[in-house]
Amino acid sequence: MNIDNKENNDLISVIVPVYNVAAYLRKCLDSIVGQTYKNLEIILVDDGSTDGSGSICDEYAKEDRRIKVIHKDNGGVSSARNIGIYNVEGKYILFVDADDIVNERYVEILYTELLKHKVDIVFCGIKSIYVKSREEISIGVEKEFQGNINKDFIKFYRENLFLITAAPSAKIYKTNIIKSNELKFDESYNNVEDYLFNLQYYSFIKLFYVSLDVLYHYYHYGRGSAAEIFSEKRWSDEFRALSFLRQWLEERKIAGRYFIMTTRIVDIVRMFFGDKTNRSICKKYYEYKELCKKVNEYIDYEYEDECKVKHYFILMTIKNKWYLPSFTYYYIKYLSKK
């Protein structure tokens, strides 16, 4: 497909929320400005940065007329993304985090595949880069596939592609679907707001396509994230999201919905043990029991036939209130990783 053809040269908006990322921002912006697809609207939302990130945005805007900078008081990443959505003029939207970089053909490939396959969203692979350990892990598919959300969403979970479906990055959206349905990132969440945004978007579409290309480079700088810190707010968000997921799966009659639920439940349990807050083992065990009691409310189906073998143990112990065996298993497993 010739992307220079006027018929296939739509304005595409790239939204970048920016907050105190001066050390990484230039690499990110260079990767966006240098895209092979040129008809871009690049919206940089400076979310009250105090480290000079806002000035870097202004500097780039002076050099490239495609860049629009919006300065606002700090309100969080969801607030910044929502401001970006409100101001877009492009026919399609992509999101890039300000401390990540994208392949020079990121926009071109996603846009071309969207038009070629006549779908409502296109996903690409993600390369997770751990800066301190210099480890790189690519998350994607070995074989491209196209499908229907209701019938084929289960494929993402069977191939361990949760990150690709959850994050707003590594995909291209249709602006008219977002705006006509007034979709926004829920600013009351500190976590999983991007996952909920995507589920809402999936509610209004049918067809998707997954590309083989790994085009988005997600950097882990070891600065710590909300997913590594235990807090009541974090778990409140997780269970609100789990409730939304269950309702969404049931309303859409998603094929394999019980498998998806069991996978997400096990992910929540794993996240509990992955947090890095320093607490005594007694305190952690008490918190684990409380977590399991909440989880139990969502295991309202015959999970034995719907989950992976390695998930069966954890679900069985929670369902039967055998908390100590599962706690011991995960505690020792994650202790060995430290």
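Select Asn 74 to begin; this residue sits in the loop between strand E3 (67-72) and helix H3. The model on screen is predicted. Asn 74 is partly exposed, because its relative accessible area is 47%.

Now show what surrounds Asn 74. Not counting residues up to four places away in sequence, Asn 74 touches Tyr 19, Asp 47 and Gly 48. Pick out Asp 47 from that group: its side chain and the side chain of Asn 74 are joined by a polar contact of 3.0 Å.

Next, follow the chain into helix H3, which covers residues 77-87. Select Ser 79, which is placed in this helix. Is Ser 79 buried or exposed? Its relative accessibility is 9%, so Ser 79 counts as buried, the cut-off for buried being under 20%. Leaving aside neighbours within four places in sequence, Ser 79 is in contact with Lys 72 and Glu 187.

Which residues meet here? From H3, select Val 77, Ser 78, Arg 81 and Ile 85. From H9, select Glu 193, Asp 194 and Phe 197. The residues of this contact divide into three nonpolar, one polar and three charged.

The last stop is the cysteines.

A disulfide is a covalent bond between the sulfur atoms of two cysteines. The cut-off is a pair of sulfur atoms within 2.5 Å. Cys 57 has a relative accessible area of 0% and is therefore buried.

Finally, select Cys 124. Its nearest cysteine sulfur is also that of Cys 28, at a distance of 14 Å, and Cys 124 is in no disulfide. Cys 124 is buried, because its relative accessible area is 0%. How many disulfides does the count give? It comes to zero.

How values were computed
Residues numbered from 1 in each chain as written. Predicted model: local features only at pLDDT ≥ 70, side-chain atom pairs only at ≥ 80, totals over all residues. Heavy atoms only, no water. Axes fitted to C-alpha atoms, helices over the stretch in contact; angles between N-to-C directions. Helix = DSSP H or I, 4+ residues; strand = E, 2+ residues; numbered from the N terminus. Contact = heavy atoms within 4.5 Å. Nonpolar A, V, L, I, M, F, W, Y, C, P; charged D, E, K, R; others polar. Buried < 20%, exposed > 50% of the residue type's maximum accessible area, 1.4 Å probe, protein only. Polar contact = N/O pair within 3.5 Å; in protein donor to acceptor, adjacent residues only side chain to side chain.
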